[in-house]
Amino acid sequence: MYEDGLPPLRDVISRYELNAKKSLGQNFLTDLNLTGKIARSAEGMDGCSLKDSIIYEVGPGPGALTRALLMNGAHRVVAVEVDPRCIEAQKEIQAAYPGKLDVFEGDALLVNERDLIGDTEGRPVKIIANLPYNVGTALLVKWLTLDDWLPWYSSLTLMFQKEVGQRIIAEPRSKAYGRLSILGQFRADARIMFDVPARAFTPAPKVTSCIVNIIPKEKQTPRQKILEKVVYAAFNQRRKMLRTSLKALGKDPLPYLKAASIIPTCRAEELTVEDFCRLAKAYEK
Ligand code: SAM
C-alpha cells in the first residue's frame, strides 16, 4: 500500500489485466515518486497552484499520474480515457478520493474538453498528461491552434518523446526546427523540464522521453490560420529558397518577402518566429 491507501501500480496492472496495447500508445508509469515530480513540475509555472486548479488529464491508464495529482492536492481531476479496462481500474482511485476524480470514456482528439470539465467555479485548468505517443503531437496541435486565445487552460505539462520535445523548443538553423517549433513558440513559451528514461515505463519504449511545460502568452498577430498556412508552405519544401517554396501559396512571394524585409533566397529554417509573423502579416495584406 502507498500513502494514498491504494495498491502498487504493478498490482493494479496485473489485477485488471492491463497488458499494454501498442495501438493505444500504452507505456505505463509505475513509480509514484516520478509522477509526483511530474505533478509538481506544473506547480506555479502559470502562477496557479495545483491546489487551486482543475487538472485535465488525457489517458490516465492504471493511474500513476492521476494518483500523484490527487496526492499533491489537485482541487479536482477530470480525465478522458479510451480504454474501458483502464476506466475500471480508475474506480478504486475515485473511491479513495470521493468527488475529486471524474473519468470519461472517449477519444481525447474528439472530445470537447470544456463540456467534460463543466463548471470550473472560476478556477484555472491545467492540462497534465503522459500522452499516448501516437496522438501526442495531434493533441498538442489541437490545443495550440484554438481560435480563442488566451485559451481555456492556463498551462500544458506533457510527456513527449524527447525528439518531439526538442522540436517544440528548437531554435532557427537547427535540424529540429520546423512547424512544431513555430507552433510551440508563436503564442506560448515552451521549455523542457526534465528527461524521463525509457526504463521508467512498462513496457519500456525504445527512446528517452521528456516533460515539456508550455504556458500560453498574450494574443499575437498575425492570425493563427494565416501563420500556419505560410509556415506549412515554407517548411513543406524546407531545402528550397523561400522565393520558390512560397509559390505554393498562389501569389508571387517577392513583394511580400520584400515588405517583411526577408531575403528571398533564405530557407525556412533560417527564419525566427518573429520573421514568420512579419512574413505572414505581409502575405495577408
Ligand atoms: N497516464 C498513464 C501513465 O502515466 O501510466 C498512462 C499513460 S499511456 C502513455 C497513454 C494512455 O492514453 C493509455 O492509458 C491509453 O489507453 C490512453 N489513450 C490512448 N489513446 C487515447 C485517446 N485517443 N484518447 C484518450 N486516451 C487515450
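A nitrogen atom of the ligand lies 2.9 Å from an N or O atom in the side chain of D107, a polar contact in the sense of a pair of N or O atoms within 3.5 Å. The model is predicted: local features need pLDDT of at least 70, side-chain atom pairs count only at pLDDT 80 or more, and totals for chains, interfaces and linings use all residues. Residues are numbered from 1 along each chain as its sequence is written, and side-chain values use heavy atoms, with hydrogens and water left out.

A polar backbone atom of G59 is 2.7 Å from a ligand nitrogen, and a polar backbone atom of A108 is 2.9 Å from a ligand nitrogen. The ligand taken alone exposes 600 Å², of which the protein buries 97%; these accessible areas come from the Shrake-Rupley method with a 1.4 Å probe.

The shell around the ligand comprises 20 residues, with Q26, L29, G59, E81 and N130 coming nearest; a residue is counted as near if one of its heavy atoms lies within 4 Å. By class, 9 of the shell residues are nonpolar, 7 polar and 4 charged. In this division Ala, Val, Leu, Ile, Met, Phe, Trp, Tyr, Cys and Pro are nonpolar, Asp, Glu, Lys and Arg are charged, and the others, Gly among them, are polar. Strands β1 (28-29) and β3 (76-81) each supply at least two residues of this shell. Helices (H or I, at least four residues) and strands (E, at least two) are DSSP runs, numbered from the N terminus.

The largest pocket holds about 440 Å³ of space, and its lining has 31 residues, of which L24, G25, G59, E81 and P132 lie nearest the centre. Two or more lining residues come from each of β1, β2 (54-58), α3 (64-71), β3 and α6 (133-144). Helix α6 contributes the most, with 3 residues. The lining divides into 18 nonpolar, 10 polar and 3 charged residues.

The second largest pocket has a volume of about 260 Å³. Its lining includes K22, G25, Q26, Y133 and P203, and by class it has 5 nonpolar, 5 polar and 2 charged residues. The peptide bond from T202 to P203 is cis, with omega near -10°, and P203 is placed in the loop between β8 (201-202) and β9 (209-216).

Another cis peptide bond runs from W149 to L150, with omega near 5°; L150 belongs to the loop between α6 and β6 (155-161).

A search of the whole structure finds 1 cavity of 30 Å³ or more. About 40 Å³ of space lies in the largest cavity, which is lined by L6, P7, V12, P62, R67, A89, E92 and I93. Helix α4 (residues 84-96) gives the largest share of this lining, 3 residues. By class, the cavity lining has 6 nonpolar, no polar and 2 charged residues.

Terms used:
A polar contact is a pair of N or O atoms within 3.5 Å; within protein, one must be able to donate a hydrogen and the other to accept it, and residues adjacent in sequence count only if both atoms are side-chain atoms. On a 1 Å grid over the protein atoms alone, a cavity is a set of points where a 1.4 Å probe fits but cannot get out, and a pocket is an open set with protein on both sides within 12 Å along at least five of seven lines; lining residues have an atom within 4 Å of a point. Grid points are joined across faces, edges and corners, and a volume is the space filled by probe spheres set on the points.
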